[in-house]
Amino acid sequence: MTDGARSATGPGRSPREVATHCPYCALQCGMVLREDAGAVTVLPRQFPTNRGGLCQKGWTAAELLDHPERLTTPLLRDPETGELRPATWAAALDRIATGIRAIQREAGRDAVAVFGGGGLTNEKAYALGKFARVALRTRHIDYNGRFCMSSAAAAGLRAFGVDRGLPFPLADLARADTLLLVGANPAETMPPMVRWLNEQRRNGGRLIVVDPRATATARQADLHLQPLPGTDLAVANALLHIALTEGWIDQAYVAERTTGFPVVRRSVAAWWPARAEQLSGVPVADLEATARALGTAGRAIILTARGAEQHAKGVDTVTAYVNLALALGLPGRPGSGYGCLTGQGNGQGGREHGQKADQLPGYRRIDDPAAREHVAGVWGVPADELPGPGVPATELLDSLGTPGGPRALLVFGSNPVVSAPRASHVERRLRGLDLLVVADLLLSETAALADVVLPTAQWAEEDGTMTNLEGRVLRRRALRPPPPGVRTDLAILADLATRLAAAEPAGAARPAATAAARFPTDPATVFAELRRASAGGPADYAGISWSRIDTADGVFWPCPTEDGPDTPRLFTERFATPDGRARFHPVDHRPAAEPVCADYPLHFTTGRVLAQYQSGTQTRRVDALRRAAPDAFVELHPDLAARLGIDDGDPVRVTSRRGDMRAPARLSPTIRPDTVFAPFHWAGPARANSVTNDAVDPISGMPEFKICAVRVEKA
Ligand SMILES: Nc1nc2c(c(=O)[nH]1)N[C@H]1C(S)=C(S)[C@@H](COP(=O)(O)OP(=O)(O)OC[C@H]3O[C@@H](n4cnc5c(=O)[nH]c(N)nc54)[C@H](O)[C@@H]3O)O[C@H]1N2
Ligand SMILES: Nc1nc2c(c(=O)[nH]1)N[C@H]1C(S)=C(S)[C@@H](COP(=O)(O)OP(=O)(O)OC[C@H]3O[C@@H](n4cnc5c(=O)[nH]c(N)nc54)[C@H](O)[C@@H]3O)O[C@H]1N2
Ligand code: SF4
Ligand SMILES: [Mo]
C-alpha cells in the first residue's frame, strides 16, 4: 500500500478520508483522517515507521481541530487596557507592517527578528527563511531546533560532512546485534518505535540503554547503564579505550574510510574504565560488557537523543560516540551505524531549508558566496542584498529589547516562554520588545504576551511535506480547509510581505505586486521553488516531487534527479567530506557548566512524559491527555526524599540560581539518589525551565537543559 493510495478527498464523498501523518513527533506515524458529518477521527495506517501503531497523542490529535479554545480571529493588544482584543486581519497586518518599518527605519533592518519551529512543514520553514532575508532583510532568524538536535547536527557535520539524523531507515534497527541508546526514551517519546526494538531482541539482538533513570525504555534493556547526568562523554571515551585494549578496532575500515584516528587513539588512552566509573558511577564491569557487545557484534548501531545532546558539551559528547562508531567500522555498513533520533515532526526538514541563523535552503551556508549566488538567483534578488549570518536561538532571545538588539520579534511555531532555558529571563526579554507577533493555533503562553496574535491553520487543513527522523520526505495532506477567519502560515507571510513592500520608503520601494509573487500561498508552488533552491546543496530535494512521494512510502534525500534514485542509506561508498573520509575529532570530558555545591547540592535534569508534547500548548488542551498526565511532578529517589523529609505527593520546590518550580513529589527508586527529574511541559509555577541553565554549547548553541545544580525542599 502506497502513501497516497488511500487518499480519497473528492468532493461529495461521505465520509471523507485522507492518508496523512501525525502532527507531533519525528516518527511521523502514518494515519488516516476520516471526517463524517463534521466529526474527525484518527485511524492508524500502515507506514514503514509505525507499522500501524500510534501513541495516545496521535490517536487524539484531531481533537484540537474544533477545540473551543482555538484562535479564529487576529488579536490586537489594546493600548488603553493592555488586553488582547479581537481585530480584523487588515488591522492586525497593518499594525505589524507599520510597526516593523518604523522600527527598521529607526534602528536598522536587524532590529526585527524571526523565531521559527521544527514543527513547520518544509514549505513553511523555507518561506519563513526567505521572508526574513528578502522581505525583512534581517540577519536575525533562528528557531527552536537549536534546543533540539543542534548538537548532533554539528557533530554529524564535522564527522560525516552532512547532517541527516538517521543515515539509514528505521527498519535497520531490527537487524542490529547490538543497539546502544544513549539518553533516549523512545518508549515514551516515540512509542511505536518500540516495535522495532522488540523485533531486534526477537532476532537475538541486545539492547543497552544509557539513562540516569530506569525509564520504560531502560527497563526493557538487557543492560542499563545509569550514569550521573553530564558524564556520557567520559563513558564513550572509556568504551573506546576498552575496544582499543581488547583489539576490537576495525583497522581496515579506519585506514580506508577515516582520517584523524591516531590523535583520538592517544586521547582516549587516559580514559581507563575505572576513571570513567569514578565520574559516572557506571561500574567497570558494565562498561566492559557494553564495549564487548558493541565490539564483537556483527552489526551494531549507536543512537543518541536529547539526554546525551542537551549539554554545554553536547557536540563533543556526540562526537565521542561517533568516534566509537567509526573505530568499530559501523557507519555505512549494512545494519550498522551511528544516528541521532530527531525529535520534532519536521525536526529534520526544518533544519535544512533556511530557518537557521547561518543557513540557506538545501542545507547551504549563508556565508558561502556560491550558495548566496544560487539562492539569490532563485529568489530573484541580488546576492549582495542577502543578509549575513545571525546568532543562535538562546543568544537571540537574550538580546531582545537590549541596546543594539532586535526590538521586534515574529514567532511561528514555538512557545519559548515555556520551552526556552532560564525562561523567566526570556519572558522579561519578550516583555521588553516594542513589537511581539505570534502566529499560533492556540493562545500559547508566548502568544499571551504578544502585541499581535495571528490565528493559523492546523496540520489537517493544509498540504505540505515533512521530513521525518530517517530523512524520508512525506506528504501531509489536507482533510478540509481552515475555519473561517483562520489563514495558513504561508498566506500570513504573503500578506505581510505585500504590506511591507507597500510600506517601504519611496525610492527603495519594491512593488507590492512583486512581493505577492515572491511569496506564493500554494504549498505545491512553494515546494517547487524549494526544490530549485535546494538543488546542488547537501540536502538536495530537486528530484522529489509530490507525485513521487505519493507512489512510494516517501522519498529519502539527497535526491537530485526525478528519474534517479533517492538515498535511504548514506555513507555506503563515501562520506560527504571533500576526501570522502569520515573525520575523527579528539574530545575530552569537562564538567557541567554549573557544578553542584553546598547551596545547590543536587543534579537537576528534565525531559518528557508520554501524554504531553513539548511546551504543552496543544496536548494540555486535549481531554484524554490531560487526564493521563494532568500535572507536572518532581521525580526523586525515596532515599533522597527521606533525607529531605518529603513524602510521595508532597508539594516540593526545586530552586536553582535562576529561579524555582513547584510541583508534587513523585518518589521512584528508578532514579539516581543524587539527581532529580522534572518534565518541562507545564507553565506557571510548575515550569521546569524557570530552573534550567542557559549555558550553551560553544559550537552548536545547544542549551544545557539536561543538567544544572539545585536544592529541593518541601514547599
Ligand atoms: N511524549 C512526547 N514525545 C515526544 C516529545 C514530547 O514532548 N513528548 N517531543 C519530541 C521531541 S521534539 C524530542 S527532541 C524527542 C526527545 O526524545 P528523548 O530524547 O527520548 O526525550 P527526553 O525525555 O528529553 O530525554 C531522554 C532521556 O534522557 C535522560 N537524560 C537526562 N539527562 C541525561 C544525561 O545526562 N545523560 C543521559 N544519557 N541521559 C540523560 C532522561 O532521563 C530521559 O529519559 O521526543 C519527541 N517525542
Ligand atoms: N527543560 C527542557 N526544555 C526543553 C527541552 C527539554 O528536554 N528540557 N527540550 C527542547 C526541545 S528538544 C524542543 S524541540 C523545544 C520545543 O518547544 P517549543 O519550541 O515551545 O515547541 P512546541 O511546544 O511544539 O511549540 C509549538 C507552538 O507552535 C504552535 N504550532 C504548532 N503547529 C504550528 C504551525 O504549523 N504554525 C504555527 N504558526 N504554529 C504552530 C503550537 O500550538 C505551539 O504553541 O523545547 C525545548 N525545551
Ligand atoms: S509516536 Fe509521534 S508521530 Fe507517532 S503517534 Fe505518537 S506523537 Fe504521533
Ligand atoms: Mo526536540
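**A close look at one sheet**

A: Gladly! Strand S17 (residues 435-440) and strand S18 (residues 452-455) run parallel and are joined by four bridges. Strands here are DSSP runs of E with at least two residues, helices are runs of H or I with at least four, and both are numbered from the N terminus. Two strands count as paired if DSSP finds at least two bridges between them. This is a predicted model, in which local features need pLDDT of at least 70 and side-chain atom pairs count only at pLDDT 80 or more, while totals for chains, interfaces and linings use all residues. Residues are numbered from 1 along each chain as its sequence is written, chains are lettered from A and ligands numbered from 1 in the order in which they are written, and side-chain values use heavy atoms, with hydrogens and water left out.

Within this pair, Val 438 faces Val 453 of S18, and Ala 439 has Leu 454 of S18 as its bridge partner.

S17 is mostly covered, with six of its six residues buried, where buried means under 20% relative accessible area, exposed over 50% and partly exposed in between, using a 1.4 Å probe and protein chains only. In a regular strand the side chains alternate between the two faces of the sheet. In S17, Leu 435, Val 437 and Ala 439 point one way, Leu 436, Val 438 and Asp 440 point the other way, and all are buried.

Stepping back, seven strands make an open sheet of mixed pairing, in the order S5-S4-S18-S17-S16-S6-S7. Its edges are strand S5 (84-86) and strand S7 (141-143), each of which pairs on one side only. From one strand to the next the twist averages 20°. Helix H3 (residues 122-136) packs on the sheet and touches strand S6 (112-116), S7 and strand S16 (408-412); the direction of H3 makes about 170° with that of S6. Contact means heavy atoms within 4.5 Å, and axes are lines fitted to C-alpha atoms, for helices over the stretch in contact, with angles from 0 to 180 degrees between N-to-C directions.

Helix H17 (residues 423-431) has Ala 423, His 425, Val 426, Glu 427 and Leu 430 as its buried residues. They pack against helix H15 (393-399), S16, helix H16 (416-419) and S17.

Now for the wider layout. The domain assignment, which is automatic or from a database, gives domain 1 (5-64), domain 2 (75-147 + 346-556), domain 3 (150-341) and domain 4 (602-714). Between domain 1 and domain 4 the C-alpha centres are 33 Å apart, and their contact takes eight residues from domain 1 and 12 residues from domain 4.

Another covered strand is S12 (residues 300-304), where five of its five residues are buried. S12 is joined to strand S8 (residues 178-182) by five bridges in a parallel run, and S12 also pairs in the parallel sense with strand S13 (residues 337-340) over four bridges. Ile 301 of S12 is the bridge partner of Leu 179, and Gly 337 in S13 is the bridge partner of Ile 301.

Last, the ligand: domain 1 and domain 3 both give residues to the shell around ligand 3, so ligand 3 lies between them.
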